[in-house]
Amino acid sequence: QQCSGYADLDPGPGVPFFKNHTEEIVLNPAVSQYGLGVTDIDEDGVFEMIAAGYGVANKVLKWDPGARGGVGGYVDAAAGGDPLVASPQGSAVCVVGCDVDGDGREEVYIVNSALYLGLTDA
């Protein structure tokens with residue numbers, strides 16, 4: 001049974017639900033990114049995608065209409081920016097944006113783990 005309101009999103013049998021837009025991400029090497037959050041991190045009215053990096057820097061993917069020779073693409077807004085967001089040596093496994101304190105602005109929470117399985121010595 002489908003949830004109410006989602007029936008028009010189903011493309012039908014044999015048709016992929018998601019499209020691959022990998023080529024739209026500028027400088028996109030294969031790395032371990034374990035979580036993806038979507039929020040307006042810079043409060044410009046446009047959502048960014050925040051990719052949690054495990055052993056690599058977190059990415060804040062922001063649309064840049066001038067990227068890829070004017071075709072447009074997603075660029076990493078965290079690269080060279082705030083080290084608390086990029087956390088190049090972090091082990092992030094999850095990222096989420098939510099308004100915890102009720103001020104109308106979403107905070108970003110990045111969950112790090114010392115080990116891939118999330119277990120540590122007590």
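This tour goes from a surface patch to some ring pairs.

A word on ground rules: this is a predicted model, where local features need pLDDT of at least 70, side-chain atom pairs count only at pLDDT 80 or more, and totals for chains, interfaces and linings use all residues. Residues are numbered from 1 along each chain as its sequence is written, and side-chain values use heavy atoms, with hydrogens and water left out.

**Stop one: the patch.** Select Leu36, Val38 and Phe47: together they make a nonpolar surface patch with about 330 Å² of accessible area. Patch members have over 30% relative accessible area and no salt bridge, and nonpolar side chains (Val, Leu, Ile, Met, Phe, Trp, Tyr) are joined within 5 Å. The salt bridge ruled out here is a side-chain nitrogen of Lys or Arg within 4 Å of a carboxyl oxygen of Asp or Glu. Areas are Shrake-Rupley with a 1.4 Å probe, and for residues only the protein chains shown count as cover.

Now click on Leu36, which sits in strand S1 (residues 33-39); strands are DSSP runs of E, at least two residues, numbered from the N terminus. Leu36 is exposed at 52% relative accessible area (buried is under 20%, exposed over 50%, partly exposed in between).

**Stop two: the rings.** How many aromatic pairs does the count come to? Two, with ring centres within 6.5 Å; planes under 30 degrees apart are stacked, over 60 edge-to-face, the rest tilted. Select Tyr34 and Tyr54: a tilted pair, 5.3 Å centre to centre with 45° between the planes. Tyr34 is in strand S1 and Tyr54 in the loop between strands S2 (48-53) and S3 (59-64), so the pair ties together parts 20 residues apart in sequence.

Next, pick Trp63 and Tyr74: their centres are 5.0 Å apart and their planes at 75°, so this pair is edge-to-face. Trp63 belongs to strand S3 and Tyr74 to strand S4 (residues 73-76), 11 residues apart.

Note on methods: Patch = residues over 30% accessible without salt bridge, like charges linked within 9 Å, V, L, I, M, F, W, Y side chains within 5 Å. Helix = DSSP H or I, 4+ residues; strand = E, 2+ residues; numbered from the N terminus. Buried < 20%, exposed > 50% of the residue type's maximum accessible area, 1.4 Å probe, protein only. Phe/Tyr/Trp six-rings, centres within 6.5 Å; stacked < 30°, edge-to-face > 60°.
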